[in-house]
Amino acid sequence: MKLRVLLPSVIATLVLSGYPVFQPTQAVEAVQPQQTLWRKFTSVEGGFSVLMPGKPNNFSLKLNANAQENDVRGYAITQYQGTVGYLVVYHDFPFKTLQKEQAIQLLDMFADGFVKGTKGNLLNQRRVTLKGYPGKEVAVEHENKIVKVRMYLVNQRLYIVGVEMTKEKEKNLSKSISGYLNSFTLVSK
């Protein structure tokens with residue numbers, strides 16, 4: 001697996017829009033995944049840290065949207081013979097900080113774009129927060145894969161933390177997946 005669904009869907013998220021229905025909830029405290037496998041990864045440039053199952057590969061993409069070239073940066077790693085992939089992507093928008101309701105509307109548009117980008121079936125979605133910043137969690141089923149992402153809008157920076165896995169792996173790794181998603185936090189630059 002080379003993040004065939006997750007990475008293109010993240011890119012599509014930055015382009016497509018809409019207004020999905022969601023249930024408001026709070027993100028739960030981080031569950032510590034298997035400590036023998038998981039290591040804290042920090043990106044000072046990205047302003048975050050997250051537990052990863054090894055050292056991720058970094059990447060940078062150029063996204064052309066609205067006649068502007070934008071940088072999308074991220075880190076990814078696959079495991080279990082490529083049946084599970086982990087990804088953190090961030091992108092800075094040219095606008096200033098949005099009001100909370102505007103940020104929530106923008107996240108709703110990203111969530112809808114993500115679902116459309118995967119061409120999968122929406123399993124669930126909910127609001128989450130990260131240190132008071134609004135976020136959205138979305139889970140999608142596409143063919144034999146489950147893709148789960150959390151998107152956070154921190155001032156003008158969009159963070160997308162995601163995991164792509166086969167349905168079979170999802171059953172066995174649900175606590176690790178939750179621990180991974182919950183471990184994402186902001187750090188000072």
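Two strands pair if DSSP finds at least two bridges between them. Keep in mind that this is a predicted model.

Q: What makes strand 8 and strand 9 a pair?
A: The cut-off is at least two bridges, and eight bridges join strand 8 (133-142) to strand 9. The two strands run antiparallel, with E141 standing opposite I146 in strand 9. They form a hairpin with two residues between them, and E143 in the turn has a positive phi of about 50°.

Q: How do you know that strand 9 also pairs with strand 10?
A: At least two bridges are needed, and ten bridges join strand 9 to strand 10 in the antiparallel sense. One place to look is R150, which stands opposite V161 in strand 10. This hairpin has two residues between the strands, and N155 takes a positive phi near 55° there.

Q: What makes strand 3 and strand 11 a pair?
A: The cut-off is at least two bridges, and strand 3 and strand 11 have two, in the antiparallel sense. F48 stands opposite L186 in strand 11.

Q: Why is one side of strand 2 and of strand 11 left without a neighbour in the sheet?
A: The open sheet of three strands has the order 2-3-11, with antiparallel pairing. Strand 2 (39-43) and strand 11 (185-186) stand at its edges, each with a single partner strand, so one side of each has no neighbour in the sheet. Helix 4 packs on this sheet, touching strand 3 and strand 11, and its direction makes about 165° with that of strand 3.

Q: How do you know that helix 4 is mostly covered?
A: Count the residues under 20% relative accessible area: seven of the ten residues of helix 4 are buried. Among them are I177, Y180 and L181. The buried residues of helix 4 pack against strand 3, strand 6, strand 8, strand 9, strand 10 and strand 11.

Q: What makes a set of residues the largest nonpolar core here?
A: The members have to be buried nonpolar residues joined through side-chain atoms within 4.5 Å. The largest such set has 27 residues, and F48, Y86, Y180 and F184 have the most contacts inside it. Elements giving two or more residues to this core include strand 3 (48-52), strand 9 (145-154) and helix 4 (174-183). A second, separate core of 21 residues includes A76, V89, L153 and L158. In soluble globular proteins, nonpolar side chains tend to be buried together.

Q: Why is K96 called exposed?
A: Exposed means over 50% relative accessible area. K96 comes in at 71%, so it counts as exposed. K96 lies in the loop between strand 6 and helix 2 (100-118). K96 and Q156 are 60 residues apart in sequence, but 6.0 Å apart in space, C-alpha to C-alpha.

Q: How do you know that E45 and R73 form a salt bridge?
A: The cut-off is 4 Å between a side-chain nitrogen and a carboxyl oxygen. The closest N and O atoms of E45 and R73 are 3.4 Å apart, so the pair qualifies. E45 lies in the loop between strand 2 and strand 3 and R73 in strand 5, so the bridge ties together parts 28 residues apart in sequence.

Q: What else is linked with E45 and R73 in a network of salt bridges?
A: K62 and D71 are. The D71 and R73 side chains meet at 3.7 Å, N to O, again within 4 Å.

Q: What makes E137 and R126 a salt bridge, and are they buried or exposed?
A: Their closest N and O atoms are 3.1 Å apart, against a cut-off of 4 Å. Both E137 and R126 are buried. The structure holds ten salt bridges.

Note on methods. Residues are numbered from 1 along each chain as its sequence is written. This is a predicted model: local features need pLDDT of at least 70, side-chain atom pairs count only at pLDDT 80 or more; totals for chains, interfaces and linings use all residues. Side-chain values use heavy atoms; hydrogens and water are left out. Buried means under 20% relative accessible area, exposed over 50%, partly exposed in between (1.4 Å probe, protein chains only). Helices (H or I, at least four residues) and strands (E, at least two) are DSSP runs, numbered from the N terminus. Contact means heavy atoms within 4.5 Å. Axes are lines fitted to C-alpha atoms, for helices over the stretch in contact, and angles run from 0 to 180 degrees between N-to-C directions.
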